[in-house]
Amino acid sequence: MAILEVEHISKTFEHTKVLKDISFSLEKGQVVSIIGSSGSGKTTLLRCLNFLERPDTGIIRVGGETLLDTSNPATAQEAEIRKKRLHFGLVFQSFNLFPQYTALGNVMLAKELLAKEQPDYKARKREIHKEIQSEAEELLRQMGLSERMNNYPHQLSGGQCQRVAIARALALKPDILCFDEPTSALDPELTGEVLRVIKELADQKTTMIIVTHEMAFARDVANHVIFMDDGHILEQGTPEDVFLHSKEVRTRQFLSRFNKG
């Protein structure tokens, strides 16, 4: 059974149709790379999946649960959107860390805010805080940041900031982890450290959707590749299918500089 099912998603901004009838599915533990030229709709698709944008039409299901069906207004109530976002973790290209919090504080923040909504929070405040801190410290250790937990974002390199952002996204234990061009804001020498972390997550069977311009990485880390062009999914399949045996002329044109034979 697919963990994610996306059916007929469309999105228009003013008079520009950015997403046009997008449908695909994702199995648990699968990694999907989404590639395509700038302006093809990749980031807008991620934002729709994370409910940062509202699709005009379509259905989104996670684990068989319908999170959004635009034909059913009951699934689009604003009060429910926050809960639906918890199914997804999103790592932004520009980190979006809070400068006033340490690396550890950034990773803990969202979970602590959610914990305050629990009916027993006041009675268990100290215990809950300790649990959240322990989990956050372990995530930062996994990211290779044991010595940087008490540093603020301005004291970290771009690669370290992005690894903090990955730990923060993982802290809420999302069903699906999404990356929007996770290395585009990094100097070339820092790109490798972030890609290594994502590869390790893939090896651990973390379910991921990765929008990336790193073609070699997209090919090597993914089980499934989606090529988007002008708001459509023009082609999708295994990395071998898309990178070496593309059916569409546009796909071959886009990949021509990366395929060396």
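Here is a short chat about the fold of this chain and about one of its residues, D21.

Student: What kind of model is this, and how are residues numbered?
Tutor: It's a predicted model, where local features need pLDDT of at least 70, side-chain atom pairs count only at pLDDT 80 or more, and totals for chains, interfaces and linings use all residues. Side-chain values use heavy atoms, leaving out hydrogens and water, and residue numbers run along each chain as its sequence is written, starting from 1.

Student: What share of the residues counts as buried?
Tutor: Buried means under 20% relative accessible area, exposed means over 50%, and partly exposed is in between, using a 1.4 Å probe and protein chains only. Of the 261 residues, the share that passes as buried is 50%.

Student: Is D21 buried, partly exposed or exposed?
Tutor: Its relative accessible area is 47%, so D21 is partly exposed.
D21 sits in strand β2, residues 16-27, strands being DSSP runs of E with at least two residues, numbered from the N terminus. To end on the class asked for, D21 is partly exposed.

Student: Which residues does D21 touch, leaving out those up to four places away in sequence?
Tutor: A contact means heavy atoms within 4.5 Å. By that cut-off, D21 touches H8, I9 and S10.

How values were computed: Helices (H or I, at least four residues) and strands (E, at least two) are DSSP runs, numbered from the N terminus.
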